[in-house]
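I wanted a careful record of what I looked up in this model, kept in the order in which I went through it. The entries below are my own notes, written for a reader who will check them against the coordinates.

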Amino acid sequence: MKRSFEHEIPCWVYVGTLLFFFHFPVKVSGAPLKQEATLDSGATVLNHSMYLVHRMENLLTLGNSSDVNLRVQTINTDEVKVIKAHSLVLSLQSDVFEELLLSRNNSALVLTETPECAAVFDKFVRYLYCGDISLRLDQAISLHRLASKYHVWGLQQGLTQYMTQHLSSDSPTGHMVSWYNYALQIGDTTLRDSCLQYLSWNLSSVLQSGEWGSISKDLLLSLLQRSDLILQSELELYEALEAWINQNQPVSTTVETALRAVRYGMIPPHHLFRLQRHSPLMVKYYETIRDLLYLAFQFHSASPIQLAKYFDVNCSIFTPRNYLSLSWGSPWIINNPTRDDRSFSFQTQLGPSGHDSSKKVTWNALFSPRWLPLIARSTYTELGAMQPTRTEGGRPRIIVTPATSSPNFAGVSFQKTVIVMAKQQGKVIVRHVYNFHQSTEEAGDFLVDADLQRRSSEYLIDSSLYLHIVIKPLYHSLLVARK
């Protein structure tokens with residue numbers, strides 16, 4: 001009597017531009033095939049897996065030996081798509097298909113899908129046979145739904161990775177907000193967090209895009225609460241909020257909540273005066289935010305120490321976000337960053353208060369592609385660049401310190417943020433953000449995973465390291481002695 005055994009045929013597969021590895025389990029008759037975990041000495045591998053994939057694709061295209069007709073019915077229409085398939089392949093790739101095939105009464109298996117999923121169902125079935133799939137940005141959600149519905153977990157994970165890597169891609173109607181909403185709907189925290197991080201770190205470009213007007217009320221209010229937003233200024237955020245409200249016409253409670261999330265203390269007084277007169281939104285809802293505007297003007301007219309005697313300066317209205325305007329920091333492009341150490345100086349305002357806006361602080365930024373011993377740092381700062389020896393695995397380091405100390409620093413602490421830019425799908429985006437603890441000079445994990453020696457590194461743009469340093473003055477140390 002013949003005996004059948006299962007043997008797994010390995011195959012490399014692509015999802016879009018992503019490469020995956022999976023196994024085709026197939027039944028063979030006779031003795032079990034030997035699995036070659038390691039090559040014998042002197043053995044040569046003959047790899048014809050792509051030929052197998054080609055034969056599997058022909059099997060699906062021609063329908064040879066088909067034993068099941070997949071009748072894909074589009075919801076609320078008479079449209080039916082018929083695909084000749086093979087029970088063995090469907091069952092091996094999906095336990096959901098396996099159960100459906102066991103319970104069918106004839107050679108047809110009727111499946112009901114949404115118009116979007118029905119439109120890509122042939123792509124989905126082809127993946128089950130061939131292990132690769134080509135897709136456009138607007139097809140990702142539909143394919144992800146099918147992969148989830150039929151428990152094709154490898155494809156599901158590959159599509160999640162595809163979406164997280166293509167958030168910056170251009171599309172005619174936009175896709176990022178719809179991907180975020182979809183991730184919320186299905187509970188995919190990886191995709192949700194990736195979308196939210198991209199929105200937060202690249203908010204300026206999002207505000208200028210057509211997608212800004214399509215974000216939901218809940219997403220808008222969530223973004224307004226965040227301190228890690230990266231944008232040009234708080235004024236840019238207010239103007240974008242006004243545009244969103246004009247386009248979506250939300251209920252008054254939503255408008256009031258959104259307006260009260262704006263950090264008016266971070267907007268210079270002359271801009272606040274202009275908004276009070278020329279912003280229709282502020283004119284209409286002036287009474288809703290009158291107390292915040294009053295507090296903002298007090299913040300700009302008094303010293304932080306004086307203000308802290310009477311108000312809580314630890315609230316969000318006095319907390320900066322990551323602003324890219326030059327009064328808050330400076331860009332820094334480091335060409336050929338692995339070559340040697342670099343230094344750079346720039347100035348920022350002492351603080352966001354109008355009282356301090358004319359006071360400047362000079363900062364020294366020091367970058368080393370290799371470990372810089374503590375004993376050498378003072379020499380580096382005073383005498384210029386030096387070439388340290390390679391230790392600690394040659395990890396890159398960045399140090400940001402004020403050039404001098406000043407009595408004006410009393411009551412002011414500085415949060416330092418280093419933003420690393422990258423190019424993705426031809427667009428410059430924020431690749432990583434490093435925050436310095438207020439009592440430290442450097443970020444210990446700075447570029448810890450970056451391979452700067454590789455010219456195609458995702459951390460480099462045209463072989464250069466694009467940084468932007470943001471200095472955020474904070475006044476929360478002045479919470480004493482409210483009278």
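**Entry 1: ground rules**

I am working with a predicted model, in which local features need pLDDT of at least 70 and side-chain atom pairs count only at pLDDT 80 or more, while totals for chains, interfaces and linings use all residues. I number residues from 1 along each chain as its sequence is written, and the side-chain values use heavy atoms, with hydrogens and water left out.

**Entry 2: overall make-up**

I looked up the secondary structure of the protein chain and found 18 helices and 14 strands, where helices (H or I, at least four residues) and strands (E, at least two) are DSSP runs numbered from the N terminus. Of the 483 residues of the protein chain, 47% count as buried; buried means under 20% relative accessible area, exposed means over 50%, and partly exposed lies in between, with a 1.4 Å probe and protein chains only. I also noted that, among contacts in the protein chain with a separation of 6 or more, 67% come from residues 24 or more positions apart, a contact being heavy atoms within 4.5 Å.

**Entry 3: the sheet of three strands**

In what order do the strands of the three-stranded open sheet run? I read β9-β10-β11, with antiparallel pairing, and two strands count as paired if DSSP finds at least two bridges between them. The edges are held by β9 (342-349) and β11, each with a single partner strand, so one side of each is left without a neighbour in the sheet. Neighbouring strands here are turned by 20 degrees against each other on average, direction ignored; the axes are lines fitted to C-alpha atoms, for helices over the stretch in contact, and angles run from 0 to 180 degrees between N-to-C directions.

I then followed the pairing of β10 (residues 360-368) with β11, where six bridges join the two antiparallel strands. Asn364 stands opposite Thr401 in β11, and Ser368 stands opposite Arg397 in β11. Although β11 (residues 397-402) is an edge strand, I found it mostly covered, with five of its six residues buried.

**Entry 4: the sheet of four strands**

I next took the open sheet with the order β8-β14-β12-β13, where the pairing is antiparallel. Its edge strands are β8 (329-335) and β13 (427-436), each of which pairs on one side only, and neighbouring strands are turned by 25 degrees against each other on average, direction ignored. Strand β12 (residues 413-424) is joined to β13 by nine bridges, and within this pair I marked Val418, which stands opposite Tyr434 in β13.

**Entry 5: a helix pair**

Two packed helices are described by the angle between their axes and the distance between the axes. For α6 (residues 140-149) and α7 (residues 153-165), I noted that the axes come within 8 Å and cross at roughly 155 degrees. That makes α6 roughly antiparallel to α7, since angles over 145 degrees count as roughly antiparallel, under 35 as roughly parallel, 65 to 115 as roughly perpendicular and the rest as oblique. In the contact between the helices, residues including Leu143 and His144 of α6 meet residues of α7, among them Trp153 and Leu159.

**Entry 6: salt bridges**

How many salt bridges does the rule give? The count comes to 18, where a salt bridge is a side-chain nitrogen of Lys or Arg within 4 Å of a carboxyl oxygen of Asp or Glu.

I looked at Asp122 and Lys81, whose closest N and O atoms are 4.0 Å apart. Asp122 lies in helix α5 (residues 121-130) and Lys81 in strand β4 (residues 80-85), so this pair ties together parts that are 41 residues apart in sequence. Asp122 is partly exposed at 40% relative accessibility, and Lys81 is partly exposed at 24%.

For Arg274 and Glu239, the closest N and O atoms are 3.6 Å apart. Arg274 lies in helix α14 (residues 269-278) and Glu239 in helix α12, so the pair ties together parts that are 35 residues apart in sequence.

Lastly, I recorded that Arg431, Asp451, Arg454 and Glu458 are linked in a network of salt bridges.
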